[in-house]
Amino acid sequence: MSQSIVEVKDVTFSRGNRVIYKNMSFSVPRGKITAIMGPSGIGKTTMLRLIGGQLRPDSGDITFQGTSVPAMSRADLYHARKQMSMLFQSGALFTDMSVFDNVAFPLREHTQLSEDLIRLVVLMKLQAVGLRGARDLMPSELSGGMARRAALARAIALDPELIMYDEPFAGQDPISMGVLVRMIKSLNEVLGLSSLIVTHDVTEVLSIADHVVIIAEQGVIGSGTPEQMLAHSSPLVQQFLQGLADGPVPFHFNAAPYEEELLSGGTQ
Amino acid sequence: MIDLLQKLGHKTLSRFASIGRATQMLLGALLNVPNLRKGTPLLIKQLYMVGHQSLLIIMVSGLFIGMVLALQGYTVLVGYGAEDSLGPLVALSLLRELGPVVTALLFAGRAGSALTAEIGLMKATEQLSSLEMMAVDPLKRVVAPRFWAGFISMPLLALIFSAVAILGAHLVGVDWLGVDSGSFWSIMQSQVSLQQDIMNGLIKSFVFALIVTWIALYKGYDCIPTSEGISKATTETVVHSSLAVLGFDFVLTAVMFSS
């Protein structure tokens, strides 16, 4: 079995005329927590969708457990997706089902387990995220952090090999954030799965990640352990990790010179 | 000039592409073996949401339309001493035209817009994506049961609409204006043919059901997942399906009744 669960090789992807990635390559080691970081709007979520096979790259290859994702047939892709799961930024719980039914959903769809067994599994998963008592609530009755934890319980319902987290910490209060950080770490250790976190919350993710990939300018600008990244020589990496307002990534959106525009006397 | 041509070409191409995507969606939803164990509860739930929940508006509208039809028909017919023909007048206009058409228009406003908004919001809140990532096809799970529910319930609603409207016409024509009850029913019975009137009306209903449900599902499935996009898609569902229903009604009427 190879060392990496996901390999991204020379991937180029564009939307319309806008090139999002150009010849990007990186790998996600098995059994570790990998963080993909980068400024907003550079297509980090797109990367997860490429790995999940919801989008296809223009060129290059992405493998999951050694098999090429873009080359998979629909049936193979659906089979592979049972071994990977994704935690969406919004949680994406089904709003017409209770928390219990949401977590039971993948089990009812993909297994032949009896309802008694499903109940046991669901209660175990909910216990793991601390929401066993909230099983009868509807998603609209949950706070943002609880919704994300419920979605996490659903994501681990089928015991996947890989979990992809899309901005798990965005918009969370410090307590929920701390809970989620610890939970991701402990799930990774206890269940022996591989985690891929897309985020721009530097401090939180550096505290748990084993491997960091920083994306900017249509490609990977640095990868390695958190320590290696903090000592990285690239000014772009440093600007991102330290959160400096101006640097290689400019603070100002492309515009005509300030004085010129103010004095030109236009209407807008 | 070239600019105009370019715009026209672009519009036409995107319209064709959209028809293509709509067809792809429908075929993706319908061309698979239904799983009875999982599919039946989903279908029943949608039949309840789409069909049963529309019953009230359909029945109330039917009652009033039948009453108005009787009132208007009576004032014209009584001038010729032909008020006994009120029964067939009402029944034929309802079964052939008003039943299927008005039901389809009400259905587009009541259930079609709800379908579009629901699916659009499922898209915006990433529920459709998460279904896909859980290896569950959203076309099978979300689109197919809603399509069948619309397709099954609209013709039934149209029949109920016509029946309630005829009762409304009876209420006004017979009970209030004094048309003879025996002739109201017996002339209606002799003038209405099962094949020509009731079956053709039903066929219309099935065609409208296909059009309205398809447009509503496609608009939701293909919408831009923002609040503005969903509101636009919902409006388009009502406008496009109403226009399509009226247009197809003309074509079907020409084919069915012109000879």
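Visitor: How far does the backbone oxygen of E109(A) lie from a polar atom of the side chain of K38(B)?

Guide: The model is predicted. A polar contact is a pair of N or O atoms within 3.5 Å. Here the distance between the backbone oxygen of E109(A) and a polar atom of the K38(B) side chain is 2.9 Å.

Visitor: Where is K38(B) found, and which residues does K38(B) touch, not counting those up to four places away in sequence?

Guide: K38(B) belongs to helix α2 of chain B, residues 36–51. With residues up to four places away in sequence left out, K38(B) touches R108(A) and E109(A). Within chain B, the C-alpha atoms of K38(B) and R141(B) are 9.2 Å apart, although 103 residues separate the two along the chain.

Visitor: Which residues form a nonpolar patch on the surface?

Guide: Membership of a patch requires over 30% relative accessible area. The nonpolar patch consists of L113(A), L117(A), L120(A) and M124(A), which together have about 370 Å² of accessible area. One of these residues, L113(A), lies in the loop between α3 (99–110) and α4 (115–128) of chain A. L113(A) is partly exposed, its relative accessible area being 34%.

Visitor: How many aromatic pairs are there over all chains?

Guide: The count over all chains is six aromatic pairs. Among them is the pair of F147(B) and W148(B), whose ring centres are 5.4 Å apart.

Visitor: Why is the pair of F147(B) and W148(B) edge-to-face?

Guide: Planes over 60 degrees apart count as edge-to-face. The planes of F147(B) and W148(B) stand at 75°, so this pair is edge-to-face. F147(B) is buried, at 2% relative accessibility, whereas W148(B) is partly exposed, at 37%.

Visitor: What are the distance and the angle for the pair of F184(B) and W185(B)?

Guide: F184(B) and W185(B) form an edge-to-face pair, with 5.1 Å from centre to centre and 90° between the planes. F184(B) has a relative accessible area of 0% and is buried; W185(B), at 36%, is partly exposed.

Visitor: Which residues do ring pairs link into a cluster?

Guide: The cluster linked by ring pairs comprises F147(B), W148(B), F151(B) and F206(B).

Note on methods: Residues are numbered from 1 along each chain as its sequence is written. Chains are lettered from A and ligands numbered from 1 in the order in which they are written. This is a predicted model: local features need pLDDT of at least 70, side-chain atom pairs count only at pLDDT 80 or more; totals for chains, interfaces and linings use all residues. Side-chain values use heavy atoms; hydrogens and water are left out. Patches are made of residues with over 30% relative accessible area and no salt bridge: like charges are joined within 9 Å, nonpolar side chains (Val, Leu, Ile, Met, Phe, Trp, Tyr) within 5 Å. Accessible areas come from the Shrake-Rupley method with a 1.4 Å probe; for residues, only the protein chains shown count as cover. A salt bridge is a side-chain nitrogen of Lys or Arg within 4 Å of a carboxyl oxygen of Asp or Glu. Helices (H or I, at least four residues) and strands (E, at least two) are DSSP runs, numbered from the N terminus. Buried means under 20% relative accessible area, exposed over 50%, partly exposed in between (1.4 Å probe, protein chains only). Contact means heavy atoms within 4.5 Å. A polar contact is a pair of N or O atoms within 3.5 Å; within protein, one must be able to donate a hydrogen and the other to accept it, and residues adjacent in sequence count only if both atoms are side-chain atoms. Rings of Phe, Tyr and Trp (its six-membered ring) pair if their centres lie within 6.5 Å; planes under 30 degrees apart count as stacked, over 60 as edge-to-face and the rest as tilted.
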